[in-house]
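Dear colleague,

I am passing on the structure below, together with notes on what turned up in it.

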Amino acid sequence: MTALVKSFLGRLPTSTVRFSFIVVPVIIALSKLLGLVREGLLTKFFGLGPGLDLFILFTTLPNYAMGYVLGPFSVAFYASLAMPGNAAWALLRRLFPWLFYGGLIGGLLAFVAALIIEPRMDMIGLSVGAYAAIAATCAATIPLAVLIGAAVCLLHANKGHTTAVLLTVVQPWGFVLLLLSLDALFEGGIFGPIGLSYTLSFLLALAVAYWCVDRSDSQMESTPENQTAAIKSFRGYLGLATVETTGFFANQLLTMFFAGLSGVGGIAANGLAVRVMLTPLTLMVTPLSPILQNLYRRSDEMRRRWIFALAYISILLLIFSSMIVIVYFGDEVIRLFFQHGAFNAEDTARVVALLIPYCVYAMFIASNQLCAAVAFVSGNGKFYTFTMLTNYGVSNLLKIPMLAQFGLEGVIWAAAAAEGAAALANLWRQLFRRADMAHSGEAQ
């Protein structure tokens, strides 16, 4: 394994990329550890009950907004940069109005939906005014999350991988520090300090994003003709990637819905299990995918296959090893980070019961995300999109009988089975089908 990793690092083209492959996961690891501290503070306030269910529901939408920019948007953005004479900053400037107004519209829709839906849930007996304040917090952070994501994309495109990842660390660190400070000032209040901390942490991250982009290396402008071609290519790539990611988000929301049907605290239990078991995946796949994609699009077909196979094997082995350790020490891990305050031993047992199915599920998610990183560049985007949409449809059909038979654990096993079938199909396509060139017309 060590020799494999050394061989891979030795073939990377620049010292900057080698440095990023080593340092980026370390930075993300520190961030994820702090994320567990953040969840620990919230479980202290809420326990595994309706309050934490509500908080997870409201913070999911801003996370999806940033996930969209760092997912479909970044895939289309990086793939379009492969066109001759294209420059990242010039392309992003053309796309910026879409991002900005899209974020504002998303925030407005989230605010209206929250005002309509959440009070009817009557989760913890809050007044309509209190729900409005929480909804405003969620809505305000959506456009901020979109802009932060755009800055991360630009930094990655300019090979500022380490800076881009450091930027993503600012928001959770800021949230924890602000929450601790505001809780001390507003002792006894819960939603006030949490909501204010959440919004201010995104504003802090946006300020840092502006500073990072302003100091990043600028690229030469490309010609208007190249930009027009790049925009056309971008739209095609974005359409495919958006369809797949919309299915993914809908699938995750339906999982939360089924978790809610399993009883009070089900959404929170599912959210905490996801946080713990997807940590190894976000340590490696999420930050390294843009680097892998940049390497992939600059290589010929034979080198592309070699890069993908080596990255796939090494990263999945590391993720699997990490997950086995987490599952083995699952009870100790959950008690260490979450079992204090309102979170008791029974709550710990509910979360621990979900770790094994999430271990299997997360491995298949990692496999599919690695395939997604290169599918659109190699001309396999349509196949990937169709496969994943089929996966989400089958998954949600299976969840209904599995929930009735096995509860929340059955829901996750259903998702894992469908995700595993998709992972096999995507891997076969990527390794054994002759890849088309990046701009074979698929995105047109």
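**Salt bridge**

The structure, which is a predicted model, holds one salt bridge, a term used here for a side-chain nitrogen of Lys or Arg within 4 Å of a carboxyl oxygen of Asp or Glu. The partners are Arg335 and Asp331, whose side chains meet at 2.9 Å, N to O. Both residues belong to helix α12 (residues 330-338), where, being four residues apart, Arg335 and Asp331 are separated by about one helical turn. Helices here are DSSP runs of H or I of at least four residues, and strands are runs of E of at least two, numbered from the N terminus. Arg335 is partly exposed at 38% relative accessibility, and Asp331 is also counted as partly exposed, at 33%. In these notes buried means under 20% relative accessible area, exposed means over 50%, and partly exposed lies in between, with a 1.4 Å probe and protein chains only.

As to conventions, residues are numbered from 1 along each chain as its sequence is written, and side-chain values use heavy atoms, with hydrogens and water left out. Since this is a predicted model, local features need pLDDT of at least 70 and side-chain atom pairs count only at pLDDT 80 or more, whereas totals for chains, interfaces and linings use all residues.

**Aromatic pairs**

A search of the whole structure finds 11 aromatic pairs. Rings of Phe, Tyr and Trp (its six-membered ring) are paired if their centres lie within 6.5 Å, and the planes are called stacked under 30 degrees apart, edge-to-face over 60 and tilted for the rest. One of these pairs is formed by Phe96 and Phe100, which are stacked, with 6.1 Å from centre to centre and 15° between the planes. Phe96 and Phe100 are four residues apart in helix α4 (residues 88-121), and so about one helical turn separates them. Phe96 is partly exposed, with a relative accessible area of 39%, and Phe100 counts as partly exposed at 32%.

Phe248 and Phe249 make a tilted pair, because their ring centres are 6.0 Å apart and their planes lie at 55°. Phe248 is partly exposed, with a relative accessible area of 23%, while Phe249 counts as buried at 16%. Ring pairs also link Phe248 and Phe249 with Tyr64 and Tyr392 into a cluster.

**Helix packing**

Two packed helices are described by the angle between their axes and the distance between the axes. The axes are lines fitted to C-alpha atoms, for helices over the stretch in contact, and the angles run from 0 to 180 degrees between N-to-C directions. Angles under 35 degrees count as roughly parallel, over 145 as roughly antiparallel, 65 to 115 as roughly perpendicular and the rest as oblique. A crossing is left-handed if the near helix is turned anticlockwise from the far one by less than a right angle, and right-handed if clockwise.

The axes of helix α15 (residues 381-406) and helix α16 (residues 408-432) come within 7 Å and cross at roughly 160°, which makes α15 roughly antiparallel to α16. The crossing of α15 and α16 is right-handed, and their contact has 17 nonpolar, five polar and four charged residues. For these classes, Ala, Val, Leu, Ile, Met, Phe, Trp, Tyr, Cys and Pro count as nonpolar, Asp, Glu, Lys and Arg as charged, and the others, Gly among them, as polar.

Helix α14 (residues 355-375) packs with α15 at an angle of about 150°, with their axes 9 Å apart, and α14 and α15 are therefore roughly antiparallel, in a left-handed crossing. The axes of α14 and α16 come within 8 Å and cross at roughly 30°, so that α14 is roughly parallel to α16, and this crossing is left-handed.

**Contacts along the chain**

Leu389 is found in helix α15 and is partly exposed, with a relative accessible area of 34%. The C-alpha atoms of Leu389 and Phe248 are separated by 7.9 Å, although the two residues are 141 apart along the chain.

Leu81, in the loop between α3 (50-80) and α4, counts as buried at 10% relative accessibility, and its C-alpha atom is 8.3 Å from that of Ala157, 76 residues apart along the chain.

With kind regards
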